Amino acid sequence: QCTVTAPQQPNVFTDGSLKVPACQHWALGGMGVWWPSRDLDDFPMSEMEQRFAQWDVGHSCLSLWGSITGVRCSSLRTELSAGILAASANGPVHQATDSKAYQTKVNRLIAGENLTAKRPWAIQPDGDLWSIMEASIRAKGCGAIKVTWVKGHATEDDVQKGIATEYTKWANDLADLTADRGIAAHPRFVG
């Protein structure tokens, strides 16, 4: 439970990565969470962050990543996994994501909308993870979590047009690189 309201500006950037998406049996997923200025003295890593991610503490930043496996891996599933990991952090969370689908659905949950009225999570795509996200939102408190969309793979032209800022471009690129570390963390089999 967190009684502190989520900050107005994003304090964490999340991303998912999927390689070989056209062939489900060979797809490799990764999740990445990048905290630009997380103070581990004030907000130590949660048990979930420690158990389900690899991490690296940089100069006033924290990177968390992990592999996403399974035959039904998808881009949304990797984004959702990163979002769950970020939501599990101690303290208030304002996620920035480049996935509009993830941002839309999670904000419906934050608003208290019942997304299982017609179909339970068990028969919805990625329902296993959406049920975890819903429980995370309830546990943390709706006011302590916020999710904002930012332009992914933004260019300098996007910055000049006001679609992205230099900061969100830079931070989202770092979250993307962190998600790629999740891909690289898959075990390599030597024959």
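Start by selecting helix 2 (75-87) and helix 4 (127-140) in this predicted model; their axes come within 10 Å and cross at roughly 20°. Because that angle is under 35 degrees, helix 2 counts as roughly parallel to helix 4. The crossing of the two helices is left-handed.

Next, show the side chains where the helices meet. On helix 2, pick R77, L80, S81, G83, I84 and A87. On helix 4, pick D128, L129, W130, I132, M133, S136 and K140. Coloured by type, the residues of this contact divide into seven nonpolar, three polar and three charged.

Now turn to the largest nonpolar core, which has 17 residues. Select V12, V33, W35, L64 and L85, the residues with the most contacts inside this core. Strand 1 (12-19), strand 2 (28-35), strand 4 (61-68) and helix 2 each give two or more residues to it. Apart from this core lies another, of 15 residues; I84, A87, L109 and W121 are among them.

Centre the view on L64. Which residues is L64 in contact with, leaving aside its neighbours within four places in sequence? The list includes M31, G32, V33 and W35, as well as R38, M45, E49, A53, Q54 and W55. L85 and T178 are also in contact with L64.

Finish at H186, in the segment after helix 6 (166-184). Is H186 buried or exposed? Its relative accessible area is 11%, so H186 is buried. Not counting residues up to four places away in sequence, H186 touches L28, G29, S67, I68 and T69.

Note on methods:
Residues numbered from 1 in each chain as written. Predicted model: local features only at pLDDT ≥ 70, side-chain atom pairs only at ≥ 80, totals over all residues. Heavy atoms only, no water. Core = buried A, V, L, I, M, F, W, Y, C linked by side-chain atoms within 4.5 Å. Buried < 20%, exposed > 50% of the residue type's maximum accessible area, 1.4 Å probe, protein only. Helix = DSSP H or I, 4+ residues; strand = E, 2+ residues; numbered from the N terminus. Contact = heavy atoms within 4.5 Å. Axes fitted to C-alpha atoms, helices over the stretch in contact; angles between N-to-C directions. Parallel < 35°, antiparallel > 145°, perpendicular 65-115°, else oblique. Left-handed = near helix turned anticlockwise from the far one by under 90°. Nonpolar A, V, L, I, M, F, W, Y, C, P; charged D, E, K, R; others polar.
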